[in-house]
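Please look over the sequence and the structure shown here before reading on. The notes that follow take up a few residues, one topic at a time.

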Amino acid sequence: MAACALRRGLLSGVSKYSRKHSHRILSVTDINSCFEVYKPRLQCRACGLLGGVQQKRFMSSRNRPEGKILEPVGVFEAVKQHGKYETGQLFLHSVFGYRGIVLFPWHARLYDRDITPPVSDSKPEPPGAHGSKEVKGKTHTYYQVLIDTRDCPHISQRSQTEAVTFLANHDDSRALYAIPGLDYVSHEDILPYNSAEQVPIQHELFERFLMYNPAKSPPFTPRDTLKAWQEKNHPWLELSDVHRETTENIRVTVIPFYMGMREAQNSHVYWWRYCIRLENLGSEVVQLRERHWRIFSLSGTLETVRGRGVVGREPVLSKEQPAFQYSSHVSLQAPSGHMWGTFRIERTDGSHFDVRIPPFSLESNKDDKAPPAGYTF
């Protein structure tokens with residue numbers, strides 16, 4: 001089941017490895033390559049991956065025809081169809097292509113609006129939201145991970161690497177701080193691999209959170225500092241609900257996080273961050289041009305927000321780079337509310353269509369604890 005895990009020097013992305021196939025992966029080489037290749041005996045018709053080859057560790061190819069360099073990072077492991085990956089599992093992100101390591105799992109409720117639910121399983125719509133119903137939330141595994149800092153510059157145009165933010169530990173209710181190189185990754189986006197390196201991931205928290213233990217599998221085990229940090233920041237890190245909806249082959253996934261409450265001018269202000277991923281499931285090149293948000297607060301207010309792009313960008317979604325992920329923040333003067341809206345998408349011929357953003361709840365935690373701890377110990 002193992003194969004060489006190769007990443008491109010320019011990180012053009014890692015193609016999704018189909019969970020339906022159990023054969024090995026082999027990178028096709030050119031005549032200038034310095035390593036030996038065994039002739040494949042089988043090619044999968046469904047995904048085009050080469051199979052039936054013998055396992056062998058390869059060196060990098062220095063002169064690729066397309067001008068890109070492949071470098072070895074380890075050996076692929078079998079993708080887990082069931083169960084979960086453990087703390088210390090190395091992986092490649094199947095969409096964004098970065099190297100990472102699992103810190104710990106979260107179990108979220110996934111509301112997939114692309115599936116038509118029975119009437120009894122539907123969840124009530126927020127006020128003013130569009131018509132389709134959400135299915136009853138089913139449990140889905142996500143992981144808190146560290147991103148290799150060497151890969152951050154290559155993915156910064158497609159995925160924020162400072163998306164995990166906290167409210168600051170002082171009176172300024174609008175002050176935020178971020179921990180660079182943290183991410184949330186869905187179970188199906190994990191391409192697991194192993195490495196002989198004792199420090200395979202470069203991140204300032206790697207050796208603070210994990211230690212090398214060759215007797216274990218995976219050989220990286222959590223330090224007490226990781227356990228203490230997780231316990232302390234659980235309310236601010238926990239991923240509980242995931243919302244998903246697809247419009248004309250553009251899938252939008254939203255994950256909201258409650259960040260806490262601050263007092264401002266004799267009133268309470270509640271803060272959330274939300275992570276949004278847009279993914280082009282088709283072959284047509286499109287570009288996000290505008291956003292249109294509706295924000296309903298339990299206090300009775302309904303706010304409309306329109307603007308160009310998202311986080312100052314108008315990302316292009318193509319077959320080669322199908323996804324874009326970002327995070328933003330919202331505050332309410334009430335402990336709960338809802339958000340929903342649309343993204344205006346432009347085709348190459350200049351025509352437009354609107355992609356629905358699935359409605360999602362903004363709920364405050366009932367048991368607010370102390371403000372989150374930083375990552376200096």
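Predicted model: local features only at pLDDT ≥ 70, side-chain atom pairs only at ≥ 80, totals over all residues.

Two residues are said to be in contact when heavy atoms of theirs lie within 4.5 Å.

- T87 is found in the loop that runs between strand 4 (70–76) and strand 5 (90–93).
- When neighbours within four places in sequence are left aside, the residues in contact with T87 are V102, L103, F104, L210, P218, F220, P222 and L226.
- With L103, one of these residues, there is also a polar atom of the T87 side chain that lies 2.7 Å from the backbone oxygen of L103.
- T87 and T221 are 134 residues apart along the chain, while their C-alpha atoms are separated by 6.6 Å.

**Q325 and its surroundings**
- Q325 belongs to strand 20, which covers residues 323–332.
- Not counting residues up to four places away in sequence, Q325 touches F96, R158, S159, Q160, D183, C275, I276 and R277.

**Cysteines**
- C275, which is among the residues that Q325 touches, is itself buried, with a relative accessible area of 12%.
- When a disulfide is taken as a pair of cysteine sulfur atoms within 2.5 Å, the count of disulfides comes to zero.

Note on methods
Residues numbered from 1 in each chain as written. Heavy atoms only, no water. Helix = DSSP H or I, 4+ residues; strand = E, 2+ residues; numbered from the N terminus. Polar contact = N/O pair within 3.5 Å; in protein donor to acceptor, adjacent residues only side chain to side chain. Buried < 20%, exposed > 50% of the residue type's maximum accessible area, 1.4 Å probe, protein only.
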